Amino acid sequence: MAEIPMREGYGKALAAYGAVNPNVIVLDADTSASTLTHFFAKQYPQRFYNIGIAEPCMIDMAVGLALGGKIPFANGFAALLALRALEQIRTCVAYARTNVKIAASYAGVSDFKDGPTHHSIMDIAIMRAMPQMTVIVPADANEAGAWVPVIAEYDGPVYLRISRAATLPVHQSSVTVQIGKGITLRDGGDVTIIAAGSMVGRSLLAADQLAARGLDARVLEMHTIKPIDAPLILQAAAETGAIVTAEEHTILGGLGGAVAEVLSLHHPVPLEMVGVHDTFTRTAPTTELLMDAFCMGVEDVTAAAERVIQRKR
Amino acid sequence: MYFHPDSQIIELQERARDLRLDSLEMIHRRQAGHPGGSLSAADIVAALFFHKMRIDPQNPEWPERDRFILSKGHASALLYAALAQSGYFPREDLRHWGDLDCHLQGHPDRLKTPGVNMTAGLLGHGVAVGVGIALAARMDGLPFHTYVLMGDGECQGGIVWEGAMAAAKYRLANLTAIVDFNNVQLDGTVQDILPLEPLADKWRACNWAVIEINGHDMRQILQALDTAGEIHDRPTVIIARTTKGKGVSFMENKSQWHGAAPNDAQLAQAIAEIKGARHHG
Ligand SMILES: Cc1ncc(C[n+]2csc(CCOP(=O)(O)OP(=O)(O)O)c2C)c(N)n1
Ligand SMILES: [Mg+2]
């Protein structure tokens, strides 16, 4: 499994899917060399619209294209789509339930060098609060590519969160994914780590380290944050009695929040959350360093697992 | 309009070259940053920081200081070089740009770096924020001027025009916007991505005074800034025709050099070209 950037897995899959589905239209906001929609643009220039540095306009244009029966993929930086174009997404995509696919690149802290303005650590919380919205967070490049046909063929708004970085590889290119169905990557009985995005690979490393300390951790990949796979979470709560969530996002309202809601409503067990602790981030020389510095290291996951096991009665 | 002796023009051209050299070395050291838009705006920034603006680097929060907002925040290397050369912080800091514990962020951060008046990075905020600053100055009877430096691609954002109309409504003569019109953005030429012309007419239609100049001609820059200061009934925009990557032959007019860092050999050539320009520029 080659470690290619997630955005490349997405961009190439989008170009490949362009051949399969002539209804797919791609829009970008002067960032096609960054989101890597330029692969699609090159192959299908007549189905590609670069509308300049105007993200809210791009979203509303995508809405119009969807009203015209097309399947628009609107691409840009997560921090701009989820924040600047938010009202367009709320009203014209989610509330009006138009068939727009929002591909939000440079998500999390993957744009380490451009700094906190470009980081997107609250987009999951925002998108998850929106009725009608499906929120997908792939773990690696192969999975990002696998989602392209799946979300194109699903009828409704989707927010697909794409990292700029090469996250730790988790899946083969043949991975199959299904909206709302989490994946059990490793079985275990002492604790369950529920992870999304780049934290999936890190959580598998954490599980290895925990095993060396005699602790048996289950690892679930919760790629669909909404609708969340409640049965899988509740089964893990019942069988392991302790949960850790791990995400490249603030611990407020994202994957951790979604899991906490399911647990506290249906089957309360001790929970620890790994993610950014309600603070803005900083600029750094690498994404990995940034994640370690902002409480998203492998050590943070193992420490959380040990804490939560202690809290079991 | 003031008289600008040749010696002053030459001195400021030298300062602009120093800013270009610092910017490129910073981007090279870090292997990250935005050379094209730093090189295109170097002459404008030199004119502002080393001549036009009333600032006191020893007292960065001086209430009467002129305000500079780098709305095209990705030219942060250029701003940091200008701040260091002005004396806001040690030049040594430039070597640590982007390190986890350095105050110099990828994009300007007003809470971390002395001399940065406003945080920026995602494009489009400068004019509207400038309107607020200029209104506050008027309310308090403070004599300072606010300068907002923008990209041309940035002008594609609707918020720019919302700010422009607000500035005109309040006749903010203490606000000057400068558009670095290098005709290149991230993905290609402005012409191809989203045409802006006739740009001067757009600003005029918003009731701004418009001055069009060659943004690499130091005398024209100084005269435009002088003229903007003499217009008392409306905000002014200086549309500065520039070359993205100015001074480095292989970077000029290339969107590929919007956000790419030079390698060792490319840096050496770039430095040689910029230094060489001193003798016949
Ligand atoms: C709102 C927004 N959209 C996208 C980006 C990503 N981006 C950074 S610089 C840039 C191009 C800017 O072009 P221009 O304004 O012409 O700047 P210059 O040529 O002076 O570098 C883009 C698209 C951003 N920073 N902000
Ligand atoms: Mg430009």
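**Notes on a predicted two-chain model with a ligand**

1. In helix 11 of chain A, the buried residues are A:Leu255, A:Gly256, A:Gly257, A:Ala258, A:Val259 and A:Leu263. Please keep in mind while reading that this is a predicted model.

2. What lies over those buried residues of helix 11? Among the covering elements of chain A are helix 7, strand 8 (191-195), strand 10 (224-226), helix 10 (230-240), strand 11 (243-250) and strand 12 (271-276).

3. Stepping back to the whole chain, chain A splits into domain 1 (6-161) and domain 2 (183-311). Their C-alpha centres are 26 Å apart. Across the boundary, 23 residues of domain 1 of chain A are in contact with 30 residues of domain 2 of chain A.

4. On the side of domain 1 of chain A that touches domain 2, helix 7 (123-128) and strand 5 (134-136) each contribute at least two residues.

5. Now to the ligand: why is the site of ligand 1 described as shared between chains? Residues from both chain A and chain B surround ligand 1, so the site belongs to the two chains. There are 26 residues around ligand 1, and B:Gly37, B:Leu123, B:Gly151, B:Gly153 and B:Gln185 come nearest.

6. Helix 2 (residues 35-40) of chain B gives the largest share of the shell around ligand 1, with three residues. The shell's residues comprise seven nonpolar, 13 polar and six charged.

Key
Residues numbered from 1 in each chain as written. Chains lettered and ligands numbered in written order. Predicted model: local features only at pLDDT ≥ 70, side-chain atom pairs only at ≥ 80, totals over all residues. Domains from an automatic or database assignment. Contact = placed C-beta atoms within 7 Å. Helix = DSSP H or I, 4+ residues; strand = E, 2+ residues; numbered from the N terminus. Near = placed C-beta within 6 Å. Nonpolar A, V, L, I, M, F, W, Y, C, P; charged D, E, K, R; others polar. Buried ≥ 20, exposed ≤ 12 C-beta atoms within 10 Å, placed from the backbone.
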